[in-house]
Every structure is written in structure tokens, then in C-alpha cells.
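Visitor: I have a model open and some time to go through it. Can you take me around?
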Amino acid sequence: MGKRPLCLVCILLMIVLCLADGLGISLVRGNPLPRSLQAWLETHPDAVICGEVQQCAETEYSQSVYLKNVSLLLKSEGAEKSEKISIENVRVFLKNNKENAMEKIPAGTLLKVSGRLVRVPETRNPGEFDSRQYYACRHIYYFLKDGVIEEKSESFSVYLQGLEDVRECFVNVFENTSGADAPVFEAMLLGEKGNLEEETKMRYQMAGMIHILAISGMHISLLGEGVNRFLKKAGLGLFASGMLALGLMLQYGMMTGTSVAAMRAVCMFLMSVGAQLLGRCYDSLSALGLSAVILLLSAPANLYSSGFLLSFGAVLGIRAGAALVKMTGIKNKILTALLSSAAVQLVTMPVLLYFYGEVSMAGIFLNLLVLPTVGLVLLTGAAGGLIGLFSLKAAAVTLISGRALLWLYDFCCKLAGKLPVCTWIGGKPEIWQMIIYYVLLLMVFFVGKKDGSAVRIFRKIQEKGKASGRDKVHGECFGQENDNRRYKYILCVLLMCTAVLILGWRDRKGLKITCLDVGQGDAIVLETEEGYHFLVDGGSSNKTKVGQKQILPFLKNRGISKLDGILISHTDQDHISGIQELLELMAEDLTGIRADKLILPKWTQKNEAYEELEKTALRSGVKPVYAGHGDIIQAGRLELAFLAPVINEEQKEEPDVNENGIVCEVRYGDFRGLLTGDIGMETEKKLLPYLSDIDFLKVAHHGSRYSTGAEFLQKVRPEIGVISCSSSNTYGHPSDETIERLKMAGCRVEYTMKNGAIQCRTDGTKICVTEWLQNKEK
């Protein structure tokens, strides 16, 4: 470390930032604005701001604008001018109406906008994408909703808008020449992911190839070095070609969105070119350390960013791979590439598990295909984009080889998705597990390095033995050398296996019941220490893609790769939309999570949604089974006893889905819980003979006034009741009357709309409740 002071500075800076975060100083996460201003903004959301347009983002139905150097305008009574308070950067979601029609707003334009100023939303469930941390890396802590432009300057930045115009020209070229491959070229070369299908991203992620769909360090390095070498061969000379290549890469980084990975690569490319121009030796680790320092000083929130950690981790993994190749002495190119790919995976594995809960195993092998060929895709894409500015037909021909490789990538992704070991869903590790893992990983390299030193010593002995004719001594030494290497390789393997086992260990004691916050809907996950997992309902009426954005991330976060059953209480969309989505993903091999059974209520008459669930389940390899009054599912210590629906063979019409839904009693030791779906007081009265005291109640119908009656509560007397609903619902849920009845019954009431996911843990006797948002604050 003494030979690389920049690396030491980087480590010290990271430690200082971590300590500051631990002391509650808002540098890495949180809101850096004064607390008094934060409190005022919470009570006065209607605001007027002004700032400079940095970037515009458009969809078919909406437009948003990223403003930088934003000031909040506050006008006191009697004051002639408004006071300006800096609130850094803001993303403005413009209101789409006739008075404020969508139009192109050039970069650099000064805007004055009015609307509702709200904090960037925080994660409300374990495993969910952390928008607040993501935007903090861009110094954005507030959104302006329903924005209306009050004033707009005539002037704008010709330079920034010129970069945006060039970017749009390339987008048009790809869309007119590449067909279905256009979104992939746009993502790889321009950082434009708006047109990229979600299915494509999920396939590439499962195959461990998602890194090629973003502007990463690999892209900058390949393109930068390619341009530099081309200019040198064109005869521009070392200085001219280096400066021109560097200038082009800086503009390219700005044009493609200045991602963390791109800026890291630009910094390292700058130092590489600078070393060449100055005749100095380039050290990649020192360059990596300096790049990290620059990025952390510009935005300390990068320290907890997955993009930052994975980008720098991948570079360290490449260096580790080179060290492994040197230690083992492997000469075979395929084995060398495989070892390098595995090293990158080993170094980045804890970060991938921490943020995403899964690691692609197929990626270790598929990257052997991708890494040597992706340069050709980038080269043909860049050449095709440039040629397309003059001739679309010539561009289409140029892109043929790149499109062929993209077809091959897509084929490999689909093939990998069908493999049972495509991904390892290990769940989110604790910080102490990650520390132990990296300590053991360092021990592996330490042992291996010593082994390499021993090999060199024995080779010297061998050479001396030959020179003196002492072949017998040499043979004994060489045999000892092989034994040492064999034992040390075994030790390295044992250390690595121990590290992975520690990283994958999860605390699964007792029974956990987690009510996810899916807005206006229900989604409940049951986990037992024996490894049984059940999903009860999963849908929302005011959120889209809850299966992909809330349920799937939670399952991965908890390391759940198999569901023993998916239980549907009834077929309203706020209970099944996410499950339908999850089954579709299983059918298309877009997730490594699988399920054994789909448990449906026993209805003699099935509605359309019911039949659609059955069909999708069969396509995804999930067996539909049917449950009604008297049925029991035994899973270790966990017992699911079904109290409803009561089967009526004479029923000729479609059932009332709410009143005829599944009601299930959860039994675990002395613990009793009741999952009630959306039943009303009519069904509650019918169930009274089968009910007894319970500890946990999933409050029926999101706290509706027509459910959870006084007679029902008097019979079950729950200790804890969870209401799952949205704070912005139009149904009046939860009802004040229902809440009052619950409190009168001595029930502690928890709300997903207030505290995010609610988890109840029990060992069969004692009960512990955790509120996700409150726990995060602690």
C-alpha cells in the first residue's frame, strides 16, 4: 500500500464517509438540506422553483425534466423580491395538459416551474429498488410533481443541446436500420434504455450479461483505445492522437449520461493517456483509487451505489484474475479466460447479493463468449451509427455482423434461462458476512502468492541441481514442490468454499409472516426454519408490476428460490395481478424462482380471472390445487388449516369472490394467525363456530368498515392486526370504525401505508413485530 498512496487515500476517504454516516451526518445518504427547511417543505409542498435544464426524459404520455442548480423561491409578505434557497438538483414531472403541451426543452434553458415538491420516495419493502439512494448520487433529493412552466428563457446551451441532437441522430439511425435490435444498440452505445424491453433486460441479467447493456468501463476502454490506436496509425502522433481520443471520450461520456461506470472509465483512460504522453508508467490500481476519490468527493452517495461498487469491483476482479493466472501458471487460453471470469464473479458476488439477492452462475461461462466479441458489436454499432448519418443502406450492411452477435447473445440468454442452475438466489448478506468473505478471499490470494514464491525457489534449486549434476536432489525437491502446491491449492479451495458458505448463510429461525407494502392490495410471505415458503395473494389496484418490483425482489432478498405454494384467497386484481405476472415470468424462464402449487379456492363456478390463473400456472409448470373448508396443508411445524370457502355443489352462478374467498388459519406451535382475504361480516358470522383466540390477524378487506365486526373480534381477540392498503386509496380504507373496533378488542394495529412492510416473527410462543421503515431509521 505504501507504493500506492492513492489507494490508501481512497480507503481512508471511504472509512471517513462511513463514520460520518454512522454519526448521522448527511453525506452518504439522507437529505443534506437543513432540518428546518425539510420540515417546512413537508408542510408546504406547493412550491415555485427555478433552475437550468440538464436533461429531458420523455415517454408517450409524460415528460420530465432534470434541473440543476435549483433554487426554491420564497416570497415573504411585503417583500418585493423572492428569497432564493438552494435545494441542489430536482426532477420535475411536467403536467400534461393543453396549457402545458409537451415540447422539446433545450438543455441549458432556465425554467421557472410551479408544482408540488415532495421527497424522492424511499424503499417500502426489503429488496426493493432504492430510488432515494439512486437519485442522491445525482444530488436529487426532491421531485416536483404536476409541474407547470411559469417562465422559460430564450437562451440555452448550444454545446449541451448539440450533444443531445447528435445522440438523437444516432437513435434515429439505429431505429431505421436495426429493427428489433435497435433498443440494444441504443442501450449499449448511447445509454438509452427507454426503448429496451423489460424481458430483454431480465434475460441478460439472468445470464450475467447485463453489464453490456449499459455504458460501462468496458465500452469506454474499448472505444477509447480503438480511437487512440486508429489516430496513431493515421499518423497524428502520440500527443495529438492521445489528446483527441481523450477529448472524444469526455464528450461521449457526457452525451451518454455520465454514469458512474462511464466516468470511472473516462478518469482511468485520462490517466492512461496522460501516462503515455508524459512517458510515465501507468498503474491501474493507482488510477482506480484516484478515480474513486474523484467520484466520492463529487457525490459521497456513490459509496452506497451498486453501480459504483460493481464497476470498481469488476476492475479489481480483473486484476485478481490476472494474479490467479500467474499463481497457477495456467497457459491454456480458455482456462485463463474462465479463471479471469470466475475471479470477477468472486470479487463482485457479495455486492450482487447485497443489492439484488442473486448471482448468475451461467455468466461465468457466457462471458467467455461475450468479452472477446462485444468489441465487434461496439465497433460495428459505432461505425454503423456514423455511416448512417450519410447512408442508411450502408449502415444497415455495416451492422449485420453486430446484429448476428446480438442474436447469438439472445439465444444464449434464452438457453441459460432454462437451466436449473442459471442463477444462485442466495439472499442479502449481512455486513459482517461480507467482511468475513473478503478476509477469506484475501487469505486465498495470500496463500496462492506464497505458493508462487515457493515455485520460483524450487525452480532455482532445479536449475542449480542440473548444473551440478545432482538430479536426485532436484527430483526430491521437485516432488516436495508438487506436494506443497497440491496442499496449498486444497487449502485455497477450502477457504473459498468456507467464504461462500458464510456469505450464503441466512437466519431462518421460527416462522416469519411478512405483509408487503403493495399499495392498495395484499401480498403476504410465510417462511419457516425448515425451508418451507408460501406466498399468500399478491396484487395491487394502484401499482403496476408489483410482481416484478415488490414481490420478486423481496423473495430474492430473502434467498427464496422455491415457493412450496402460492395461495389465492380470491380473484380480485388487487390480490392476483402480481401473481399473474410472477407466473408469466416463470413460464418465460425470466426468473430462477419456481413454485410447486397454485392453491385456489374450491369454486364450482369459475370466473374468467380464475381460469386464466389456472392456464398460466400450467404453462409455468405449477400445479393448480384447490382448497376449501376442512382442508389442511402440513409443512414441517407449519400447518395451514382452511376454514373457507364452504363448498356448495348446488351453486349455479359465479360466486361472490369476496365472501367466498379462502380463509386460512396459520398454526405454528402455540401461535395462531388468521388470513382473511376480503371477507365481510356475513362470512365472519358463518365462521364463528370454527374460530378461537388468535395472535395475528390480517385485517380483512384492507380495513373496510363492512369487515372485522365486533362479534368476530370478540371471538378471535387478536394481539396484532395488519392492515394492507394505500394512503391514497379512494375507498376510505382503513375505516375509522374498524380501527376503533380493533383497538377496543385490545389489538395492536399496524399499517403498511405508514410503515412499509410489516413482519411478524415467532418461535411458536413469543412474537416480535418489525416495521420496515422504522427499522431502517434505527
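Guide: What follows is a walk through a helix, some voids, a few backbone features and some single residues.

Visitor: What should I know about the model before we start?
Guide: This is a predicted model, where local features need pLDDT of at least 70, side-chain atom pairs count only at pLDDT 80 or more, and totals for chains, interfaces and linings use all residues. Residues are numbered from 1 along each chain as its sequence is written, and side-chain values use heavy atoms, with hydrogens and water left out.

Visitor: OK, helix H2. Which residues are buried there?
Guide: In H2, residues 35–43, the buried ones are Leu-37, Gln-38 and Leu-41. They sit on the same side of H2 because they cover an arc of only 100 degrees around the axis. Buried means under 20% relative accessible area, exposed over 50%, and partly exposed in between (1.4 Å probe, protein chains only). The arc is taken from the directions that run from the helix axis to the C-beta atoms. Helices (H or I, at least four residues) and strands (E, at least two) are DSSP runs numbered from the N terminus.

Visitor: Why would residues a few places apart share a side?
Guide: An α-helix has 3.6 residues a turn, so residues three or four places apart point the same way.

Visitor: And what is exposed on the other side of H2?
Guide: Arg-35, Ser-36, Glu-42 and Thr-43 are exposed there.

Visitor: What do the buried residues of H2 pack against?
Guide: Four strands: E2 (63–74), E3 (83–86), E5 (110–119) and E6 (140–152). Contact here means heavy atoms within 4.5 Å.

Visitor: Since E6 came up, what is the phi of Asp-146?
Guide: Asp-146 has a positive phi of about 50 degrees, although it is not a glycine. The residue is in strand E6 and is partly exposed, at 40% relative accessibility.

Visitor: Where is Asp-589, and what is its phi?
Guide: Asp-589 is in the loop between helix H19 (573–587) and strand E14 (594–595). Its phi is near 55 degrees, a positive value in a residue other than glycine. Asp-589 is buried, with a relative accessible area of 15%.

Visitor: How are pockets and cavities defined here?
Guide: On a 1 Å grid over the protein atoms alone, a cavity is a set of points where a 1.4 Å probe fits but cannot get out, while a pocket is an open set with protein on both sides within 12 Å along at least five of seven lines; lining residues have an atom within 4 Å of a point. Grid points are joined across faces, edges and corners, and the volume is the space filled by probe spheres set on the points.

Visitor: How many cavities, then?
Guide: There are 2 cavities of 30 Å³ or more. The largest cavity holds about 50 Å³, and its lining includes Ile-524, Asp-537, Leu-675 and Lys-698.

Visitor: Last one, Gly-510. Buried or exposed?
Guide: Gly-510 is buried, at 6% relative accessibility. It lies in the loop between helix H17 (471–504) and strand E9 (511–515). Not counting residues up to four places away in sequence, Gly-510 touches Glu-527, Thr-528, Glu-529, Tyr-668, Thr-762 and Asp-763.
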